[in-house]
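Subject: the structure you asked about

Hi,

Here is the structure I promised to pass on. Have a look at it first, and then read on for what turned up.

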Amino acid sequence: MSATHIHTSDTSKSIFEHNREYIPGGVMSLPRRVEPELAFEKAEGAYMWDADGNRYLDYHGAFGPSILGHNDPHVNAAVERTLKSGPDLCGSGTNRLEGRLAELMCSNIDVCEMAQLFNTGTEATMSALRLARGATGRDHVIVMQGGFNGSHNDVACNVMTPLNVIGPRVSPGEYKYVSLGSGVPLAHQQLVHIINFNDLESVQYVCERYPIAALITEPILQNVGIMKPHPGYLQGLRDLADKYGFVLIFDEVKTGFRYSLGGYSKISGVRPDLAVYAKAMANGYVISALVGKRELMQRIADADPAKRPFVAGTYNGHPLSVAAAIATIERLLHNNGEIYQRLDRLGAQIQSGIEHLLRSRGIAGVVARQGSAFCIYFMEHEPSDWHDLASNHDFARDRDLRMKMIQRGIYFFPVETKQCSISAAHTEADIESTLRALDECLR
Ligand SMILES: Cc1ncc(COP(=O)(O)O)c(C=O)c1O
């Protein structure tokens with residue numbers, strides 16, 4: 001039995017047409033402008049429904065937040081309780097709730113000696129870099145080719161830039177900033193150095209030539225699938241940070257809370273100076289956090305205004321999101337983190353199933369996986385950087401597979417190399433039906 005095929009109808013299309021009239025591109029965040037154009041009405045557990053009533057088993061998880069499953073009742077109940085004391089409680093002074101969340105994070109995340117809350121990943125990475133610049137008195141920063149750290153000027157560059165734009169592999173450290181859009185001042189671009197992931201030589205090269213304030217990286221590049229660090233790479237970054245005096249920032253917006261509370265830093269054993277969390281932290285509610293070493297974090301409230309980076313936000317620590325984050329963390333901590341063990345089992349089940357399908361059909365492909373997130377690369381090996389991926393992966397086949405899966409009611413996000421995420425609401429039976437659909441689609 002295969003998964004059911006979806007029925008097309010015009011409702012999604014007409015919603016898009018209406019919205020395009022009033023919203024640029026018809027969507028509120030450009031990465032959502034994809035084909036097929038679907039409007040969604042409801043999400044529950046492992047599933048979501050489009051406006052035409054088609055049900056999809058969801059592996060996109062809203063770009064990562066859905067770790068417990070959509071619309072989790074435990075998290076929603078905490079939000080409802082907090083609603084009674086007023087959603088704008090964060091507008092003056094402090095409150096018990098935000099102190100409780102910060103304490104929970106400090107007691108469960110090694111790198112977190114203090115926490116500052118924001119709303120989005122973008123705000124948190126922007127503030128992390130500002131803090132690093134203030135602390136080091138330097139302006140230059142290093143980011144990763146193929147990485148994504150938000151949409152502010154420092155990092156709005158080079159995610160999936162075609163090789164004919166950035167050029168072939170060149171000498172260490174000589175990749176140019178290619179902005180994701182217009183409006184980033186040239187003078188600012190000159191402060192940002194793009195290097196390839198898994199390449200310590202380039203870090204060293206840039207550090208020898210520029211005063212580097214910070215290096216920011218996802219510890220696994222998760223905006224081009226699951227691109228893992230080579231053994232020793234993250235420790236190499238730590239050593240270079242110590243040698244050259246830059247601030248090492250792990251962007252755990254996607255990896256944090258998904259693999260462990262402390263994200264991939266906990267798993268790798270490498271401790272950055274600062275880390276940023278968001279997405280799975282509150283299972284879909286709006287929150288992010290900048291955490292790190294006390295001596296750095298304390299600068300945010302330094303008595304000397306010349307030393308303080310400006311950090312402010314009307315909705316920072318919004319009580320509904322804070323309540324959602326506490327409830328999510330409680331669920332993740334329950335029974336010694338048994339959720340993570342279950343998610344890992346589901347991840348292993350789908351990985352071995354897909355590997356079997358690829359092998360039995362003689363298809364060149366690998367499954368890169370970390371815990372509950374995976375990505376199928378149609379190439380002979382797991383990619384180690386964007387150049388490797390862009391020159392070897394079969395993008396057409398990847399896209400074709402995603403479109404066919406969506407047709408069968410299984411939502412693999414329709415953009416090549418975007419990873420799939422399993423939630424705690426997925427079941428073994430869901431994984432089996434996914435493998436049956438993949439069996440048909442890979443034929
Ligand atoms: C690793 C990473 N960092 C930062 C961000 C930016 O987060 P936000 O979209 O909440 O601003 C994203 C968003 O996808 C991300 O994947």
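How many aromatic pairs does the structure hold? There are twelve aromatic pairs in it. Rings of Phe, Tyr and Trp (its six-membered ring) pair if their centres lie within 6.5 Å; planes under 30 degrees apart count as stacked, over 60 as edge-to-face and the rest as tilted.

Two notes before going further. This is a predicted model, with local features needing pLDDT of at least 70 and side-chain atom pairs counting only at pLDDT 80 or more, while totals for chains, interfaces and linings use all residues. Residues are numbered from 1 along each chain as its sequence is written, and side-chain values use heavy atoms, with hydrogens and water left out.

**Aromatic rings**

One of the pairs joins tyrosine 59 and phenylalanine 374: the ring centres are 6.1 Å apart and the planes sit at 75°, so the pair is edge-to-face. Tyrosine 59 is in the loop between strand 3 and helix 2 (73-83), and phenylalanine 374 is in strand 12, so the pair ties together parts that are 315 residues apart in sequence. (Helices are DSSP runs of H or I with at least four residues, strands are runs of E with at least two, and both are numbered from the N terminus.) Buried or exposed, what is tyrosine 59? Tyrosine 59 is buried, at a relative accessible area of 0%, and phenylalanine 374 is buried too, at 1%. Here buried means under 20% relative accessible area, exposed over 50%, and partly exposed in between (1.4 Å probe, protein chains only).

Phenylalanine 257 and tyrosine 277 make another edge-to-face pair, with 5.4 Å from centre to centre and 85° between the planes. This pair links distant parts of the chain, 20 residues apart: phenylalanine 257 belongs to the loop between strand 8 (247-252) and helix 9 (263-268), and tyrosine 277 to strand 9 (residues 274-277). Phenylalanine 257 is buried, with a relative accessible area of 0%, and tyrosine 277 is buried with 0% as well. There is also one aromatic cluster made of Phe40, Tyr56, Phe63, Tyr411 and Phe413.

**Strand 12 and its sheet**

Why is strand 12 (residues 373-377) largely enclosed by the rest of the structure? Because five of its five residues are buried. In a regular strand the side chains alternate between the two faces of the sheet. In strand 12 both faces are covered, with Ala373, Cys375 and Tyr377 buried on one side and Phe374 and Ile376 buried on the other.

Two strands pair if DSSP finds at least two bridges between them. Five antiparallel bridges connect strand 11 (residues 366-370) with strand 12, and valine 367 has isoleucine 376 as its bridge partner in strand 12. The hairpin of these strands has two residues between them, and glycine 371 there takes a positive phi near 50°. Towards strand 14 (residues 420-421), strand 12 has two bridges, again antiparallel. Phenylalanine 374 stands opposite cysteine 420, and alanine 373 stands opposite serine 421.

An open sheet of four strands has the order 1-2-3-13 and mixed pairing. Strand 1 (40-44) and strand 13 (410-411) each have a single partner strand at the edges, so one side of each is left without a neighbour in the sheet. Strand 3 (residues 55-58) pairs with strand 13 in the parallel sense over two bridges, and aspartate 58 stands opposite tyrosine 411.

**The ligand**

Which residues surround the ligand? They are Thr120, Gly121, Thr122, Phe148, Asn149, Gly150, Glu218, Asn223, Asp251, Val253, Lys254 and Lys279, where a residue counts if one of its heavy atoms lies within 4 Å. An oxygen atom of the ligand is 2.9 Å from a polar backbone atom of glycine 121. Another distance worth a look is 3.1 Å, from a ligand oxygen atom to an N or O atom in the side chain of asparagine 223.

Happy browsing!

Conventions
Polar contact = N/O pair within 3.5 Å; in protein donor to acceptor, adjacent residues only side chain to side chain.
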